[in-house]
Amino acid sequence: MRRIRESRGSIMKIEGPASVQVLEGAINVLGTLVKPKEKVVIPKYKSLSIEFVEDSTVELRLGSEAKVEKLPETMIPSEWRVAVEGMLSQGLKPFTCIVLGDVDSGKTTFCTYFVNYAVSKGLRVGVIDKDPGQTEISVPTTIGLGVVDKPIYSLEQVSAVTARFIGSTSPAGVVQRVVTATKQLYDEALRLGCDLIIINTSGWVNGRGARELKYGVISMIHPNYVVLIQRSNEVEHLVKPFEKSNIGIIRVQPSPAIKPKSRDDRRVRRESTYRNYFAKAKVRKLNLSSVKFMFTLFTTGARLSGEALAKYGQDLSLHLIYGEESRDSLLLVSSEPIPDKAAIESKARELYEKEDLLLTWKGEERGLIVGLLAPDLSYLGLGLIREIDYVRRSVEILTPVEDPIGVVQAGLIKLDEDFREVAKYEKPPL
């Protein structure tokens, strides 16, 4: 614990884990005024700049990896204020802004600053955080909507009013899911009466997939403005198709306060979020006669008879315990792991000429993250598959969700017993 006194106008950058409590005076954090007895918590892998707006005394609690640095000038670029003032001066309601930028460009910091400025003007702000890997508002593998009507210093303070399951920690490979989910959350924000809707995007900006995603979201939402946070021109290609449209395009520089995060930092943060989310989870056993799967072959085809299963097993030299077939697909489940799975799948494709073919085995499903929907298809939360009983037609899922479940959406991420990410699939293993 460390108590310091600073004069008005001083600026300090703090890298977490740390906390700052104001004892006397006042500080400003991303447009939020923090007064005596109020505390700002800075998580590990995050940094914040604080500005002393009065002669003030604060108490610092610093973790082992925390850093404190005095700065010569504000870490919020003046062009950020010019940008948000210019956008809100239009007086439009509802008003929508999409924020684009590379990894570690400060998109979330800009969105937080924008939220606080808008809230100070009496606006009700909806924030859609559509980065399923580093979401601040929801849980990894989802994108969430939060509604803000009071100042904040981090989007982590914003609770999701609803979310959508994407199934992956990256939008790559699930572009259509992200576009659809973003539109659904946008419509919900309008229904909730938000004056301003800010859409914070992922740092996936290169490649055809990234273009398809950003083009799709911008076209679907048709925002009033798109803000590009870039050091040079690293995201210009994402707005080229819209330069002659009526969508305003604003370009700003990143804040120098941004602390770059490594891939390991991001993974560790996700795993911490998983542990917190599943801390009070219980195992629920669901009957497959009343619950169906989505994004899988499982439960979407006709169950194979014992005779058909035996024939497929003989063809492929496998001991099969379950299978489903439809006009375009074939799912076969082995009793044991399949060491040469790729080779056998290739052989099966040649033999059976199915558009989609999957070999899996009992137990491979354990730890697969899933999204849970109510019978009316509204989002309930996440779960982890513990076991599928193919014979008795039931599934056990670890989840904090207690509401009735109608649909289980299969994801692409598998967690172990300690909620560490141990596998990422190109398509669900079911």
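The model is predicted, so local features need pLDDT of at least 70 and side-chain atom pairs count only at pLDDT 80 or more, while totals for chains, interfaces and linings use all residues. Residues are numbered from 1 along each chain as its sequence is written, and side-chain values use heavy atoms, with hydrogens and water left out.

Helices (H or I, at least four residues) and strands (E, at least two) are DSSP runs, numbered from the N terminus. Two strands count as paired if DSSP finds at least two bridges between them. Strands of a sheet pair through backbone hydrogen bonds, either parallel or antiparallel.

Axes here are lines fitted to C-alpha atoms, for helices over the stretch in contact, and angles run from 0 to 180 degrees between N-to-C directions. Within the sheet, strand 2 (residues 11–15) and strand 7 (residues 47–52) run antiparallel and are joined by five bridges. Ile 11 has Glu 51 of strand 7 as its bridge partner.

A second open sheet has seven strands, in the order 13-12-11-14-10-15-16. Here the pairing is mixed. Strand 13 (160–165) and strand 16 stand at the edges with a single partner strand each, so one side of each is left without a neighbour in the sheet. Neighbouring strands of this sheet are turned by 20° against each other on average, direction ignored. Strand 10 (residues 95–101) runs parallel to strand 15, and five bridges join the two. In strand 15, Leu 228 is the bridge partner of Leu 100. Helix 1 (residues 78–88) packs on the sheet. It touches strand 10, strand 14 (196–200), strand 15 and strand 16, where contact means heavy atoms within 4.5 Å. The direction of helix 1 makes about 165° with that of strand 16. Helix 2 (residues 107–120) lies across strands including strand 11 (125–129) and strand 12 (142–148), and runs at about 170° to strand 14.

Gln 230 is found in the loop between strand 15 (225–229) and strand 16 (248–252). Gln 230 is buried, at 3% relative accessibility. Buried means under 20% relative accessible area, exposed over 50%, and partly exposed in between (1.4 Å probe, protein chains only). A polar atom of the Gln 230 side chain lies 3.1 Å from the backbone nitrogen of Val 235. Beyond four places in sequence, the contacts of Gln 230 include Arg 251, Val 252 and Pro 254.

Helix 6 (residues 306–316) has Leu 309, Tyr 312, Gly 313 and Leu 316 buried. These residues lie on the same side of helix 6, because they cover an arc of only 100° around the axis. The arc is that of the directions from the helix axis to the C-beta atoms. Glu 307 and Gln 314 are exposed on the face turned away from the buried side. The cover over the buried residues includes strand 20 (320–325), strand 21 (329–334), helix 7 (341–352) and strand 22 (356–361). Just after helix 6, Ser 317 takes a positive phi of about 60°.

Ser 334 lies in strand 21. Its relative accessible area is 4%, so Ser 334 is buried. Ser 334 and Leu 320 are 14 residues apart along the chain, yet their C-alpha atoms are separated by 4.3 Å. Not counting residues up to four places away in sequence, Ser 334 touches residues including His 319, Ile 321, Thr 360 and Trp 361.

Notes: Polar contact = N/O pair within 3.5 Å; in protein donor to acceptor, adjacent residues only side chain to side chain.
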